[in-house]
Amino acid sequence: MSGYPRLLVANGLHAGASVMLAEGHALKIGSAAGADLILADHGVAPHHATVTFDGSRLLVHAMSDGVAVFGRPLKSGAQTYVSYGATFGLGPTLLQFSHGEQLAHEDARRAEYAWLLRHAPLAWLRKRFVTLPLGAWIAIAVVVLALALAHALNLFAPRGQSRPASALLDQPAYRHVQVNTEKDTGRRIYEGYVQTAGELGALSFDARAQGGTAILRVAVIDAMQEQLSDFLDKYYRGATLRAAEPGAFVATAPAADAYLLPESWDYARVERLARAQVDGLRKLRFAGHENDSGPVRVPLEMLGLNLLATNHSAWLVDAQGARFFIGSRIQMGRIIRLEKCGATVQQDDGTTYVLTTAKRAATTGPC
């Protein structure tokens, strides 16, 4: 991702218009003159929704009825996170969350899958099944028919004879799934991980066949890896990803010239954002950076800045010649220290970054 986050108007009277998003700023959308993004389409309320850009996601807060995310209504007062490529409607007007570049159909599809997996897993399953190859369909059909046959035989078992417990969870594919019973309600809660969408579908069918109410909190590892790979594409060009233990992945970052954002060097922050966005993700490790400690080191070049120094002072300068001294605020935060070999900046949350040359960013020694 090389562009800036934007909200695009996809249809209606203002089709083609866009507004740039600033992190942490609440953008009011509606038909009133005081809205940040004014939509004059019939059916748009004066203050229809508020959106807030948060790192790599967009928080959509419905202020009125008539807000729909991927065609699914969002009640007034409700809010939800969506990722790049996502679309949502305000009455008849459709908006899309973009990163300033031309979005492909694949971007929108991935965003929809990620949202459905979090909020409507059965709808996600239906959409995933449509794209499954013939071999996978056959395998799923065999499993479903076998479970249906077993359930039918149990229904016709003689009265008084206890039904045998399901043997599905004894299979290796479900070794990372546990079942607990909620004390107050008696509901069965399935928690853990399976590898494929087909295995999750079979588990859902089996849970229904057992009778009663069941809650599935089971993540699909293949889907998690796909979502996580899409997430890392915002920060790195060509990063590789492999699964470790269930719920954990190991990423191998590319060469420094393939880092796309200043925050790409902040591996701990990238992991926090990934865990917030990808359901079921417990841990993301970066190979070769497991023992990183101290302030994050970021190349000045990523911010379009150079360091100038004399015997008496030092300052940062951008491409337009603007100078930044101690106390100045730049993209990464407020400058709290300037030296001949770099600068130290601090964000509002206390996170500290050391800005230096690309060569020095790869080291941790003194200037």
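In this predicted model, strand S19 and strand S20 (residues 314–318) pair in the antiparallel sense, and the pairing runs over 5 bridges. Within this pairing, Leu305 stands opposite Asp318 in S20. The two strands belong to an open sheet of 3 strands, arranged in the order S19-S20-S21 with antiparallel pairing. Strand S19 (305–309) and strand S21 (323–324) are the edge strands of this sheet, each of them pairing on one side only.

Several residues of H1 are buried, namely Ala111, Glu112, Tyr113, Ala114, Trp115, Leu116 and Leu117.

The aromatic residues were examined next. A pair of aromatic rings is described by the distance of the centres and the angle of the planes. The structure holds 11 aromatic pairs. In one of them, the ring centres of Phe231 and Tyr235 lie 5.3 Å apart and the planes meet at 50°, so the pair is classed as tilted; both Phe231 and Tyr235 are buried. Tyr236 and Phe286 likewise form a tilted aromatic pair, with 5.9 Å from centre to centre and 55° between the planes. Because Tyr236 lies in the loop between helix H5 (221–232) and strand S15 (240–243), whereas Phe286 lies in strand S17 (residues 283–286), this pair ties together parts that are 50 residues apart in sequence. Buried residues are those under 20% relative accessible area, so Tyr236 counts as buried at 1% relative accessibility, and Phe286 counts as buried at 5%.

The largest pocket holds about 1,000 Å³ of space. It is lined by 34 residues, of which Glu23, Phe53, Leu261, Glu263 and Gln331 are the closest to its centre. Helix H6 (267–277) and strand S22 (329–330) are the elements that give two or more residues to this lining. When the lining of the largest pocket is divided by class, 17 residues are nonpolar, 8 are polar and 9 are charged.

Notes:
Residues numbered from 1 in each chain as written. Predicted model: local features only at pLDDT ≥ 70, side-chain atom pairs only at ≥ 80, totals over all residues. Heavy atoms only, no water. Buried < 20%, exposed > 50% of the residue type's maximum accessible area, 1.4 Å probe, protein only. Helix = DSSP H or I, 4+ residues; strand = E, 2+ residues; numbered from the N terminus. Pairing = 2+ DSSP bridges. 1 Å grid on protein atoms, 1.4 Å probe; cavity = no way out; pocket = protein on both sides within 12 Å on 5 of 7 lines; lining within 4 Å. Points joined across faces, edges and corners; volume = space filled by probe spheres on them. Nonpolar A, V, L, I, M, F, W, Y, C, P; charged D, E, K, R; others polar. Phe/Tyr/Trp six-rings, centres within 6.5 Å; stacked < 30°, edge-to-face > 60°.
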